[in-house]
Amino acid sequence: MKTLKTTLHVYAFTTVTPEGKAEWKAFKAKLKAAGNGKAFEAWGSGKKYSEYAQGEVVLTTSTLFNNQWNVAGDSPTNPGARAFTWALDVYSGGRGFYKTGHYLVVTDEMKDLLHKRHVCGYCGHQVDSDADLTFCPSESCIGSQYLKADQLHLTRMKRVDDPNPTRDPLTKAEEGHLLPKYEAAQANTRETRRLAALARITADADREVGEAHTGRDILKWLLGSKEPMLIDLVLDGNVLYYAHKSEVGFGWKDPVEDKDALDLLLQTHNGGFLWKYRIK
Ligand SMILES: [Zn+2]
């Protein structure tokens, strides 16, 4: 997996005084100029995003976002965290005097990656390309059983750094190209699901038949024993086969009076009871 390095900074400003206000304003201008974008605001205790460790971070690049990065598990600081290009803690109930949070130094490498990376508006599939891509190349996307024909414009690819996430409607030409592809992919998906449903229905029925046969064999074994204690358990409906546990429960309705005698009988009669059991 490709990774890259940058630095995470933690900041804290107090804007009670005019000097503090000026410092905050200068800080915001600096981040804007550096390409940190808009602050990602976190509402809460005001400490969510300022309690990061300052220092070098290693970022993963498999999935990219325009305002946040995943920190690698082996990063020297903040391993496994979600680091924001610019995070600002907002004190709920506070008067906005305190400005804390963190930000990343946005490197050219980060900018290039975000610009090269294209994302599908429907499934989130990402592709790296220098050229503009039109539609999502993922077969599972256009074949998704949930994708409606009137949502096809959402499969339009956009660069991750595109500030406007809205996908334009399909042009007539695009529709003419995409609709047949959509219909073919949907037919494929339907066929795959049809075969899976057939297999599932057959497997379910086979399992149920197998369980019914086991239940029958158990009761036949007990009734065939000619042992009054075993026969009465069946006649009283006090034995149950739990197919999901492959276990027979004796005394599930009324506790068995002499458990030791039943246990001995089950172990010794006719070579022993063939199934796993439990006596209550
Ligand atoms: Zn897609």
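The chain is divided into domain 1 (3-106), domain 2 (119-185) and domain 3 (209-279), with bounds that come from an automatic or database domain assignment. This is a predicted model, in which local features need pLDDT of at least 70 and side-chain atom pairs count only at pLDDT 80 or more, while totals for chains, interfaces and linings use all residues. Residues are numbered from 1 along each chain as its sequence is written. Between domain 1 and domain 2, the C-alpha centres lie 32 Å apart.

Strand 8 (residues 117-120) pairs with strand 9 in the antiparallel sense over 3 bridges, and Val119 stands opposite Gln126 in strand 9.

Helix 4 covers residues 172-223, and because its 52 residues at 1.5 Å a residue should span 76 Å, the 75 Å between its end C-alpha atoms agrees with this; the expected span is 1.5 Å times one less than the number of residues. A kink of about 25 degrees lies at Leu178, shortly before the proline Pro180, the bend being the angle between axes fitted to the seven residues ending at a residue and the seven starting there. Helix 4 is hardly covered, since the count of buried residues among its 52 residues is 1, where buried means that 20 or more other C-beta atoms, placed from the backbone, lie within 10 Å of the residue's own.

Terms used:
Helices (H or I, at least four residues) and strands (E, at least two) are DSSP runs, numbered from the N terminus. A residue is buried if 20 or more other C-beta atoms lie within 10 Å of its own, exposed if 12 or fewer, and partly exposed in between; C-beta atoms are placed from the backbone. Two strands pair if DSSP finds at least two bridges between them.
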